[in-house]
Amino acid sequence: MSGTYDIHGQTAVITLNNPPVNGLSHDLRTRIVAGVQAALAAPGIQSIVLIGSSRAFSGGADIREFNLPIGLAEPNLPQVIDVVESSAKPIIAAISGVCMGGGLELALGCHYRIALADALIALPEVKLGVLPGAGGTQRLPRLLNPEIALGMIVTGEASPAAKFKGTALFDQIVDGDLLAAALQFAADLASAPKPLLRTRDLPVLKVEPSVFAQVSTKLLAGIQPGYPAPAKCVEAVRAALDLPFLEGLRREQELFHELVETSASKALRHAFFAERAATKLASVAESTQARPIKQVGIIGAGTMGSGIAMNFLNAGIAIVMLEIKADALERGVATIRKTYDSAVKKGKLKPVELEQRLSLLRATTDYADLAAADLIIEAVFEDLSIKEQVFRKLDQVAKPGAILASNTSTLDLNVLAAVTKRPEDVIGLHFFSPAHLMKLLEVVRGAKTADDVLVTAMALAKKIKKTAVVSGVCDGFIGNRMIAPYSQQAIQLLEEGCTPSQVDQALEAWGMAMGPFRMGDLAGNDIGWAIRKHQRLTVPDPEYPRIPDRLCEMGRYGQKTGAGWYRYEAGSRDALVDPVVLDLITAYRAEKGIKTRAISDAEIVERCIYALYQEGTRILDEGIAQRASDIDLVYLCGYGFPLHRGGPMFYAEAVGLAAVAQRVASFYAQSGDPLWRPVTEAPVRKSSRGGESVKAETRRSTEF
Ligand code: NAD
């Protein structure tokens, strides 16, 4: 039962009971209305308490009903709030845990609100590209200073209830037993009745128009282009200041409906559901139990090893970090300490927390110290024979049931698994650099990886606050495999007439956090060079574009050498156009007899982004990714793809798959590049929406 109704003396208590966060499902909404009506009809009842669980008063709309007719079915949330606010008997919201979105809007419609000090209060709708659509923008400025209300609505950030002590938002901030406090509050009201305080009847709190304007400008200043919701939030709150309540509500509704239809909101909602869908594992029984992970071993204390270690230290999990040489080990430990020291200096970490974290770290050069580890992650040089040696060694020292993971970016996980006697315990954990900051974790499922190993990796990812996406084994997994054709297009554009900065600027103006050439300079152009040299040994291709190789032959590896596609002044990361690179490109074109042409920014974006889509579709067809939305998540969390565009697969769908296919066909006709060979459309259309497994549909549709 999603809501219960009890009598405590003269008070009716309606308990919201729709785990996990009391989402306002149709059933719960119906029960709230029924509860209020029952209490109004009961002569002995003087007041009504609305209360949730310790975890949540209510987290707002029930996401299980998102996009379904039942989500909007009557009584809808505005109707429920109207019933509550119109009640002739006082209704007290007793708030603990999260009280967000529609949950807070419901509380704002109650006549009184009491809360535990640590209850979390927010109107986070803006994060989904919309605004509070059940009166939140009109009622909150009647209870809080409008500029504070505006800040909450525009940023969507949560604050503890204690922060609002002394405002009309809360009548009492309480400790301990919330229900007892609410019943006492109700009893006090009964003994000294007061006129009912309906938020809709209150005047908006006073604010100087100039102060409001200043606060609005400041709040909107940091918003990137492509996100219309924050500005509409300002408009909605301004309507509360300028219009009578009902007209303000109507304006809020209009603005809400405008936002729901924007591509940004659709993309943000897609990303929200993509994150949830990614945790679901195709063909793994839901009852599969994770293995306990109390101690983690890490092999290699370089860039990745030390970054990976911090994730676990931050989550309170003990680490044993192993290196081949003592000096490399010391450097790794020093990197970790330096990162924490700097966090302390910035006030982001308390000195005592620094000590706690470092106390969980043990450094060693002796494999025997890994005997107790429940999970061991290898992050040594990207060299198959070294990694094979490490896995053989791990097979000898790791306890039975320990999970053996590799952070490899390019090597075949199945080959590594095969050197052990326990391939079912082997998995890929592909962290991104800097590993302690980047949200994305590709969890690579080998041919023999056991289901409970996969489940453990996903659970662990959640614990260390990563967004995990499952990938099958292929060259580059999901993310890096797709970046290859994307980068290739960028290079081809140079040959055809673009400059690196033109390509970067076009993609950055479109929303990418960083264009491909600035990205190359940051990551190091030598990494790709090494891979290409290796590839050319196995697959000779006299035609392959050589501009990047020539750049590396000049020692221009990127920021680390002070020069790459751009030049960098000492100590600066500002990418400066370098005539040397432009000359290199011009000379190459002349040598090859390439006739240049003017290329539009639109073509740059289409070529690069549709290259991602093309490869993504193949990844989906091959079953490497479980669903199109997983591919989007990889790009949103790991590659600086703009959130408001929803990821490469969603974006192609938003443009229209037929229109994309047409452009792709024209690129194919012009270049003959196999990248542009037509791909299947059906699986993408199906999978990027629902987020459910599409392997079956994919298989079927590729058989035509
Ligand atoms: P790195 O060179 O910074 O560190 C590798 C460390 O491994 C060195 O400190 C080295 O001393 C140590 N090492 C080498 N052989 C060893 C052995 N047999 N036993 C123990 N320690 C050994 O390299 P990195 O950038 O941290 O990369 C490590 C792994 O992570 C590679 O597989 C790489 O492909 C992968 N990776 C790197 C990045 C990145 O951006 N750097 C991103 C994702 C994945």
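## Briefing: a buried serine, helix packing and domain layout

At 16% relative accessibility, S501 counts as buried, because the cut-off for a buried residue is under 20% relative accessible area. The model is a predicted one, and its chain is divided into domain 1 (3–260), domain 2 (295–471), domain 3 (480–497 + 598–704) and domain 4 (517–596).

**Surroundings of S501**
- The helix that holds S501 is α19, which covers residues 500–510.
- Once neighbours within four places in sequence are left aside, S501 is in contact with Y566 and V577.

**Packing of α5 against α10**
- Helix α5 (residues 136–143) packs with helix α10 (residues 245–260) at an angle of about 135°, and their axes lie 8 Å apart.
- On the α5 side the contact is made by G136, T137, Q138, R139 and R142, while α10 contributes F245, G248, L249 and E252.

**Helix α9 and its cover**
- Helix α9 (residues 229–242) has 14 residues, which at 1.5 Å a residue should span 20 Å, and this agrees with its end C-alpha atoms being 20 Å apart.
- The buried residues of α9 are A229, P230, K232, C233, V234, A236, V237, A239 and A240.
- The elements that cover these buried residues of α9 include α5, α6 (146–155), α8 (209–221) and α10.

**Domain separation**
- Taken over C-alpha atoms, the centres of domain 1 and domain 4 are separated by 56 Å.

How values were computed:
Residues numbered from 1 in each chain as written. Predicted model: local features only at pLDDT ≥ 70, side-chain atom pairs only at ≥ 80, totals over all residues. Heavy atoms only, no water. Domains from an automatic or database assignment. Axes fitted to C-alpha atoms, helices over the stretch in contact; angles between N-to-C directions. Helix = DSSP H or I, 4+ residues; strand = E, 2+ residues; numbered from the N terminus. Contact = heavy atoms within 4.5 Å. Expected span 1.5 Å × (residues − 1). Buried < 20%, exposed > 50% of the residue type's maximum accessible area, 1.4 Å probe, protein only.
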